[in-house]
Amino acid sequence: PSVRDHLRISSVPRTEMLSGASVCIHDGSDALFNACLSAGVPQLIINNGSWQKNWNAYAAERLGTGVALAEDDLAMESLYENYRRLVADDYYRQQARFLADQTAAMGSLEDIMQYF
């Protein structure tokens with residue numbers, strides 16, 4: 001990964017970089033989507049229209065933890081404006097933190113499986 005002032009860039013998923021992050025901009029992969037939910041980090045998801053990534057992108061919007069952008073419609077202005085919106089509006093951080101806390105309260109997979 002490389003670091004430019006406060007921006008961290010990686011071409012491969014590096015979930016350890018989420019600690020202390022304000023926002024995670026990613027492609028909607030399951031690994032990063034779920035890691036962001038667990039870490040309580042708002043997400044800006046640029047999806048390529050595939051079913052999986054599209055579902056994750058719009059799930060983040062429905063949950064109030066992120067914003068979805070279509071790769072085909074991507075422009076620097078929309079990227080910046082949506083990033084700014086995620087950083088400036090505490091709602092996204094609060095929702096992300098709430099879901100992270102709810103997920104942590106469920107316990108381990110073994111704890112969850114006792115209900116089934």
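Arg 97 and Asp 101 sit four residues apart in helix α4 (residues 90–105), so about one helical turn separates them. In this predicted model, their side chains meet in a salt bridge, with 3.3 Å from N to O.

How many salt bridges does a search of the whole structure find? The search finds three, and here they are side by side.

| Salt bridge | N to O distance | Where the residues lie |
|---|---|---|
| Arg 97 with Asp 101 | 3.3 Å | helix α4 (residues 90–105) |
| Arg 84 with Glu 81 | 2.6 Å | helix α3 (residues 76–88) |
| Lys 53 with Asp 27 | 3.0 Å | helix α2 (residues 51–63) and the loop between β3 (24–26) and α1 (30–39) |

Let's turn to helix α3. Arg 84 and Glu 81 both belong to this helix, three residues apart, which is about one turn. The closest N and O atoms of the pair are 2.6 Å apart. Arg 84 is partly exposed at 36% relative accessible area, and Glu 81 is likewise partly exposed, at 36%.

The remaining pair has another layout. Lys 53 forms a salt bridge with Asp 27, and their closest N and O atoms are 3.0 Å apart. This pair links distant parts of the chain, since Lys 53 is in helix α2 while Asp 27 is in the loop between β3 and α1, 26 residues away. Is Lys 53 buried or exposed? With a relative accessible area of 17%, Lys 53 is under the 20% cut-off and therefore counts as buried.

Now for a nonpolar feature. Which residues form a nonpolar patch on the surface? They are Leu 109, Met 113, Tyr 115 and Phe 116, and together they have about 580 Å² of accessible area. Within this group, Phe 116 has its place in the segment after α5 (109–113). Phe 116 has a relative accessible area of 76%, over the 50% cut-off, so this residue counts as exposed.

Conventions
Residues numbered from 1 in each chain as written. Predicted model: local features only at pLDDT ≥ 70, side-chain atom pairs only at ≥ 80, totals over all residues. Heavy atoms only, no water. Patch = residues over 30% accessible without salt bridge, like charges linked within 9 Å, V, L, I, M, F, W, Y side chains within 5 Å. Areas by Shrake-Rupley, 256 points an atom, 1.4 Å probe, with all protein chains shown as cover. Salt bridge = Lys/Arg side-chain N within 4 Å of Asp/Glu carboxyl O. Helix = DSSP H or I, 4+ residues; strand = E, 2+ residues; numbered from the N terminus. Buried < 20%, exposed > 50% of the residue type's maximum accessible area, 1.4 Å probe, protein only.
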